Structure formats: C-alpha cells, structure tokens
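User: I would like to learn how to read a few features of a structure. Could we take them one by one?

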Amino acid sequence: MSAPPLTLYKQLMREAKRFQNYNFREYAIRHVRDDFRRNAGLQGESAARELEHGRLELEKLRRMATGKHAMED
Amino acid sequence: MDPRVLDAMLPFLSGQFGNPHSKTHEYGWEAESASEAAREQVASLVGADSKEIVFTSGATESNNMAIKGIAHFYGEKKRHIITTQTEHKCVLDSCRVLQQEGFEVDYLPVKQDGLVDLELLRSLIRPDTALVSVMYVNNEIGVIQPVREIGQLCRENKVFFHCDAAQAVGKIPLDVNELKIDLMSISGHKLYGPKGIGALYVRRRPRVRIEPIFSGGGQERGMRSGTLPHSLVVGFGAACDIAGRELEADTAHIARLSARLEQGLVSRIPHVVINGSTESRYKGNLNISFAYVEGESLLMALKDMAVSSGSACTSASLEPSYVLRALGVDEEMAHTSIRFGIGRFTTEAEVDYAVENCVKHVERLREMSPLWEMVQEGIDLKSIQWSQH
C-alpha cells in the first residue's frame with residue numbers, strides 16, 4: 001500500500017480496536033481488513049472514491065467507538 | 001443494532017428534533033426531509049418506489065395491516081384467504097380474527113422440508129380468493145419459500161400476494177417487481193436497525209388498496225395515521241442502506257460461519273437432524289434436533305454460553321413449536337430442537353465455542369439417559385411396551 005491508504009488503514013484499525021463491545025470490535029476489525037484487501041488493486045478515480053469513503057468511515061468510527069457523538073443544534 | 005445506525009439516529013434524538021408533519025416549522029422541515037430520504041433508502045433495498053413504502057411500528061403491525069386491510073377493502077366480493085401453517089403468529093392470528101368475521105381461510109400444510117406445495121396452493125385458489133400470504137424466510141427453521149413461483153401463480157390468478165419478508169429483507173437480495181409481490185412486511189430490528197419501526201410495501205401498479213387499521217390524520221397516503229417517529233425512521237433507513245451495501249460481505253461471512261457450525265455439530269454428534277430443507281434455506285438460521293437429549297437441559301446449558309458471549313446473534317432458543325409440528329417432526333425431536341442464529345456480528349470464536357459446548361453437553365446429557373443406553377444397545381425405542389404402574 002502507498003502512503004495515504006496505509007495511513008488510513010492504520011487509523012481505521014486503531015479506532016476499530018477501541019470498540020468496547022466485543023462483537024462490534026471484531027466486526028469493525030474484520031470489515032476494515034476485508035475492505036482494504038478487496039480494494040487493494042484499485043487505481044485513479046475509484047481508488048480516490050474508496051479513500052474518501054474510508055475517511056468518512058473513520059470519522060464515524062471515532063464517534064462510535066468512544067461513544068462521543070456530535071450533537072448538532 | 002448496528003453502531004452505524006445509532007450514529008445516524010443520534011442527531012435526530014436531540015437538537016434537530018421536530019414533527020415531520022409540521023410543514024411550517026423549521027425543524028419540521030428537516031425531520032420531514034430526513035424521513036423522506038429514509039423512505040427512499042428502504043424502497044431502494046427492495047426495488048420499490050418510495051411512494052409504495054408505508055412506515056409502521058414493525059412487521060407485526062405491517063402483517064395486520066396487509067391481511068386485515070385487504071380483507072376489509074375487498075371483502076364484499078372476495079371472502080377467501082390462503083396462508084400457511086408455518087406463518088408467524090401475527091399472520092395466523094389476523095386470519096383467525098377474519099374467520100370470526102365470516103371470511104374463509106385455508107391454512108396450507110407444508111411438506112416435510114417445510115416448503116409450500118405449489119400444486120396444492122394452485123388447487124385452493126378460487127375466484128373469490130382475496131389474498132395469499134406466505135412468508136419468505138421462516139424465522140424458526142430458516143427455510144426459503146418458493147416466493148417467485150407463488151408470485152407468478154397469484155398474478156396469473158389475479159390474487160393479491162402478501163409476503164412477510166421480515167427475516168429476508170437485507171439478508172437475501174429481493175425485488176418486489178421481479179417476485180410479483182403486492183404487499184410485503186419489513187422489520188427494522190431484523191436488519192440491525194432500531195426496534196419499534198418497520199414498513200409495509202404496498203404496490204401501486206397495479207394498484208393495491210387497503211383499509212387502514214388506524215383512523216386519524218391520514219398520514220402515509222391515508223394508509224397509516226400517526227406522527228412518524230422520525231429518529232426511528234432515520235435509523236431504519238440507515239439500516240437498509242447499510243444492509244444493501246453489506247449484503248454480499250454479510251452473506252459470505254454468514255455462509256462460512258454457518259457451514260462451520262453445521263460441520264462441527266454434525267461431524268461430532270451422532271443422531272442429529274436438521275429441521276427443514278437443506279437446499280432452500282437461509283444460512284443464518286439453523287434448527288437442529290438432538291435425539292435422545294432432554295431439550296430444556298441442553299438449552300439451559302447453552303443459554304449460559306449465549307449470555308457470556310454477549311451476542312443475541314448466537315442465541316439458542318427452545319420453543320414449543322407449531323412450525324416443527326407442521327413439518328411432521330415428532331414430539332420428542334421437536335422438544336429437543338435448538339435454533340442457532342448467525343448474523344453480521346457473529347464471530348468464528350463464538351461459533352467454535354457453541355460447537356464445543358453443544359458437543360460437551362449433548363454427550364453429558366446422553367450419558368445420563370437410560371434411553372440413550374438402550375439405543376446404544378440397538379433397542380428400537382418405538383417397540384418398547386411401557387408397563388403401567
């Protein structure tokens with residue numbers, strides 16, 4: 001993996017491992033691993049799209065794993 | 001509930017809260033657009049138009065609405081309904097209520113594999129048949145009914161087809177137009193969404209009309225009055241969206257774990273029977289009978305395991321089962337049946353643990369059983385004359 005995906009992968013994995021709930025934690029870890037494995041060969045636009053999706057998922061994970069949610073007013 | 005669903009719901013549980021039907025209030029607008037977006041997410045998952053999705057409190061309400069709704073709307077000329085003996089209680093009960101109102105209901109028996117006999121169904125359809133109601137995936141034994149063929153049969157005979165798809169939506173790909181379904185019940189919590197929300201798909205072309213159960217403000221195109229619980233609606237939509245994306249990955253995961261569970265049990269425990277068709281089945285639901293084992297004791301042993309793993313997905317349950325009886329499973333075997341559920345969040349470790357526990361406890365309980373001893377000695381239990389005392 002080149003730099004941006006690898007960084008994202010590590011960030012996602014770190015957040016996934018923080019889930020308190022066993023089943024969610026195991027699912028998140030497996031999901032990240034499977035997604036990156038499946039998208040490994042992507043190039044160009046589709047790769048960029050998946051990376052963007054991954055960044056949104058990372059934000060979600062950060063909220064979910066620690067239970068802190070953005071409450072909008 | 002999937003954590004991603006909760007994540008989608010939370011902004012709507014505070015701050016953005018508003019009545020989705022209050023079109024003049026600022027927050028009302030936001031709630032309404034989010035609810036309509038969710039409606040579209042539900043519709044997409046099943047191949048429907050969002051105008052065909054009516055939100056309800058769950059599949060029980062949807063089933064009631066569909067069955068009673070059709071009967072009461074078309075009841076003047078159409079007085080006959082066909083369903084199966086293995087339907088969910090709410091379907092059977094709704095039919096019983098209609099019988100008390102003077103409708104005629106045929107409860108189709110199922111074959112030994114749990115599937116409907118299509119020829120028998122065809123023979124029972126009459127000119128005054130209003131509705132055929134058959135569930136897609138059975139919640140107890142996991143068998144998948146020949147929905148495509150039933151839809152075709154109903155369309156040919158101009159009979160409405162209602163399908164309780166609570167256990168199917170989000171788990172197997174389905175399209176209401178391909179399958180020629182006219183009404184379909186969907187459950188939110190069965191696809192890792194919140195409890196207390198579901199939907200009824202009601203076909204618009206050709207038009208299906210139902211008499212609503214609730215009287216009131218005429219929401220949901222007059223079919224279901226009541227303020228939408230928009231946080232639940234948003235959660236339901238998110239759950240459908242996620243299910244659509246994850247369907248392939250979930251299916252592969254569940255198939256793998258299901259094979260592991262089945263292999264583990266069947267290869268290490270003699271005298272087990274899988275209830276229901278092994279070909280036409282949803283892999284996430286495995287119903288097995290362990291012969292010569294006292295059912296409740298086994299369940300209690302396994303309940304501990306389910307509790308300690310903290311997952312509702314691998315819970316084992318023992319129920320006195322009218323479904324198994326409909327399959328012709330004899331009483332003793334029905335009593336020792338255990339249903340295993342495998343889902344998105346089930347882990348391999350949990351499956352292995354389940355197998356180990358099952359093997360251990362089945363062996364232990366059989367050791368204690370004099371009946372088992374006799375079986376080992378080759379005695380045919382059915383030939384025994386039990387003496388009176």
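Analyst: Start with a definition: a polar contact is a pair of N or O atoms within 3.5 Å, and within protein one must be able to donate a hydrogen and the other to accept it. The model here is predicted. In it, a polar contact of 3.2 Å joins the side chains of Thr84(B) and Thr86(B).

User: Where is Thr84(B) placed, and in which strand?

Analyst: Thr84(B) belongs to strand β2 of chain B, which covers residues 80-84.

User: Is Thr84(B) buried or exposed?

Analyst: The cut-off for buried is under 20% relative accessible area. Thr84(B) has a relative accessible area of 0%, so Thr84(B) is buried. Leaving aside residues up to four places away in sequence, Thr84(B) touches Leu92(B), Tyr107(B), Leu108(B), Val116(B), Ser133(B) and Val134(B).

User: How do I read the chain as a whole?

Analyst: Begin with its secondary structure: chain B has 12 helices and 11 strands. Its radius of gyration is 23 Å, close to the 21 Å that the globule rule gives for 389 residues, so chain B is as compact as a globular protein of that length. The C-alpha trace of chain B spans about 80 × 50 × 40 Å along its principal axes. Of the 389 residues in chain B, 56% are buried. Among contacts in chain B with a separation of 6 or more, 71% are between residues 24 or more positions apart.

User: How do I read a helix, for example α2 of chain A?

Analyst: Compare its span with the expected one. Helix α2(A), residues 22-39, has 18 residues and reaches 26 Å from its first C-alpha to its last, close to the 26 Å expected at 1.5 Å a residue. Then look at its N-terminal end: Asn21(A) caps it, with a side-chain oxygen 2.9 Å from the backbone nitrogen of Asn23(A). The buried residues of α2(A) include Asn23(A), Phe24(A), Tyr27(A) and Phe36(A).

User: What are the confidence values of the model, and where does pLDDT stay under 50 in chain B?

Analyst: The model scores ipTM 0.85 and pTM 0.89. Chain B has a mean pLDDT of 89, and 92% of its residues reach 70 or more. In chain B, pLDDT stays under 50 over residues 306-315. For that stretch the model has 23 contacts beyond four places in sequence.

Conventions. Residues numbered from 1 in each chain as written. Chains lettered and ligands numbered in written order. Heavy atoms only, no water. pLDDT = per-residue confidence, 0-100. Contact = heavy atoms within 4.5 Å. Helix = DSSP H or I, 4+ residues; strand = E, 2+ residues; numbered from the N terminus. Buried < 20%, exposed > 50% of the residue type's maximum accessible area, 1.4 Å probe, protein only. Expected span 1.5 Å × (residues − 1). Rg over C-alpha atoms; globule rule 2.2 N^0.38 Å.
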